[in-house]
Amino acid sequence: MHDELVDHLTRTTPLNRGEALRVVQDVLAYFDETTEEFVRRRHRELQAHGLVNASIFERIDADLKYRAVAPPELTLRQLRRIVYG
């Protein structure tokens, strides 16, 4: 799976093949999150760092634009609905 990328990582970094494969799998899993899963996870993380919801939802809104496949733009209200139902 993704042998070309694993080969590239082993050539260009000090990672061995097993480590490079693990990195690729971790990155793919990270970007495999649905928008809803990402929003909920980031909300929990930012809340744990002491941020308040107003700041959290603005930050999540900004973060979503940098996902590998950006979801459609969501309003702050839509983000709150994802978290709180």
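Arg41 touches Tyr30, Glu33 and Arg67, leaving aside residues up to four places away in sequence. This comes from a predicted model. Arg41 sits in helix H3, which spans residues 35–48. Its relative accessible area is 18%. The cut-off for buried is under 20%, so Arg41 counts as buried.

Arg41 also has a charged partner within its own helix. It forms a salt bridge with Glu45, and the closest N and O atoms are 2.7 Å apart. Both residues lie in helix H3, four residues apart, which is about one turn of the helix. Glu45 is partly exposed, at a relative accessible area of 29%. Salt bridges that share partners join Glu33, Arg41, Arg42, Glu45, Asp63 and Arg67 into one network.

Side chains of opposite charge can pair when their charged atoms come close. A search of the whole structure finds eight salt bridges.

| Salt bridge | N to O distance |
|---|---|
| Asp3 and Arg17 | 3.1 Å |
| Arg17 and Asp7 | 2.6 Å |
| Arg41 and Glu45 | 2.7 Å |

Now to Arg17. Its side chain meets that of Asp3 in a salt bridge. This pair links distant parts of the chain: Asp3 belongs to helix H1 (residues 3–12) and Arg17 to helix H2 (residues 17–31), 14 residues apart. Asp3 is partly exposed, with a relative accessible area of 42%. Arg17 is partly exposed too, with a value of 42%.

The side chain of Arg17 also meets that of Asp7 in a salt bridge. Here again the pair links distant parts of the chain, with Arg17 in helix H2 and Asp7 in helix H1, 10 residues apart. Asp7 is partly exposed, at 31% relative accessible area.

Next, the whole chain. The protein chain has five helices and zero strands. Its radius of gyration is 16 Å, well over the 12 Å that the globule rule gives for 85 residues, so the chain is more spread out than a compact globule. The C-alpha atoms fill a box of roughly 45 × 25 × 20 Å along the principal axes.

Buried residues make up 24% of the 85 residues. Of the contacts with a separation of 6 or more, 37% involve residues 24 or more positions apart. The accessible surface comes to about 6100 Å², and 54% of it belongs to carbon and sulfur atoms. The chain carries 13 positive and 14 negative side chains. The centres of these two sets lie 7 Å apart.

Definitions and conventions:
Residues are numbered from 1 along each chain as its sequence is written. This is a predicted model: local features need pLDDT of at least 70, side-chain atom pairs count only at pLDDT 80 or more; totals for chains, interfaces and linings use all residues. Side-chain values use heavy atoms; hydrogens and water are left out. Helices (H or I, at least four residues) and strands (E, at least two) are DSSP runs, numbered from the N terminus. The radius of gyration is taken over C-alpha atoms; the globule rule is 2.2 Å times the number of residues to the power 0.38. Buried means under 20% relative accessible area, exposed over 50%, partly exposed in between (1.4 Å probe, protein chains only). Contact means heavy atoms within 4.5 Å. Accessible areas come from the Shrake-Rupley method with a 1.4 Å probe; for residues, only the protein chains shown count as cover. Lys and Arg count as positive and Asp and Glu as negative; His and the chain ends are not counted. The place of a charge is taken as NZ of Lys, CZ of Arg, CG of Asp or CD of Glu. A salt bridge is a side-chain nitrogen of Lys or Arg within 4 Å of a carboxyl oxygen of Asp or Glu.
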